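Here is a friendly walk through one protein model, from its sheet to its core. Keep the structure open beside the text as you read.

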Amino acid sequence: MTLLELEPRTLRAFDTLAPGTREALRHIYAPTADRFVRLNMITSLTGAAAGDDGTSESLTNRVDRLILGIIRELADVVVVGAQSVRAEGYIVPRRARLAIVTSSGDLTGHRLALAEGAASDQVIVICPADRADAIRSHPDAAGITVLPVPGPAPLSPRDILTVLAEEGHRRVVCEGGPSLASQFAAAGVIDEYCLTVAPVLEPVSSPFLRLARDQRVATRVVGHLVDETGFTYLRLRPAG
């Protein structure tokens, strides 16, 4: 499949199967600072976070999965909400660690699988401090790292990033779901939004971001790729 770069205005075309394309995309998506927070999500044209099966899998395509893998390779940790792990299941990345954010501390129903070469000790659970001991004693918690966050639920995105940075995880990718992604956006902690827009008019039961009127985020486009099937891959940064 061919990708065309519209911003910056190089009009470079990439054959996604050709040697060297993966490295070129790694260069495009390379973080620009030692501490860098990304939001990486997919949405339909109507703003839906999920397709007709109730998951993002029915929105994605091969190129989106390629870019997702590259963004993860360039990160220290992938952050995801516990509800998404229950709803969709999650694959622990090969290189980056996977941090699951839970306010309740309830691990029931979590569905995790290991990518080839990944290990269960790459999983982190971030929770309120008063839930940490209960999680550590849970039968499904063997091998995971529990990072308690001071203070009550819901957890603050800034506090989540602080405890991750203290562990050396400074390049962070938040993959949602919509509730956690919205909290990160509203808190103003995102350095770059990586958004795949699928050419689908999907009914919106759950928008990929839920922002109040006073939480509007002005952005500027720093990267824009399109593929031959009409998928758009945007990189946006706060305009301030």
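What follows covers the sheet, the helices packed on it and the nonpolar core.

This is a predicted model, in which local features need pLDDT of at least 70 and side-chain atom pairs count only at pLDDT 80 or more, while totals for chains, interfaces and linings use all residues. Residues are numbered from 1 along each chain as its sequence is written, and side-chain values use heavy atoms, without hydrogens and water.

Let's start with the sheet. It is open and mixed, with 11 strands in the order E2-E1-E12-E13-E11-E3-E10-E4-E6-E8-E9 (strands are DSSP runs of E, at least two residues; helices are runs of H or I, at least four; pairing takes at least two DSSP bridges). Strands E2 (13–15) and E9 (145–149) are the edges, each with a single partner strand, so one side of each lacks a neighbour in the sheet. Within the sheet, E3 (residues 36–44) pairs with E10 (residues 171–174) in the parallel sense over 4 bridges, and Leu39 has Cys174 of E10 as its bridge partner.

| Helix | Residues | Angle with E3 |
|---|---|---|
| H2 | 62–73 | about 165° |
| H6 | 178–187 | about 135° |

Finally, the largest nonpolar core has 32 residues, and Leu39 and Phe184 are among those with the most contacts inside it. Such a core joins buried Ala, Val, Leu, Ile, Met, Phe, Trp, Tyr and Cys residues through side-chain atoms within 4.5 Å, buried being under 20% relative accessible area (1.4 Å probe, protein chains only). Beyond its neighbours within four places in sequence, Phe184 contacts residues including Val37 and Cys174.

Definitions and conventions
Buried < 20%, exposed > 50% of the residue type's maximum accessible area, 1.4 Å probe, protein only. Contact = heavy atoms within 4.5 Å. Axes fitted to C-alpha atoms, helices over the stretch in contact; angles between N-to-C directions.
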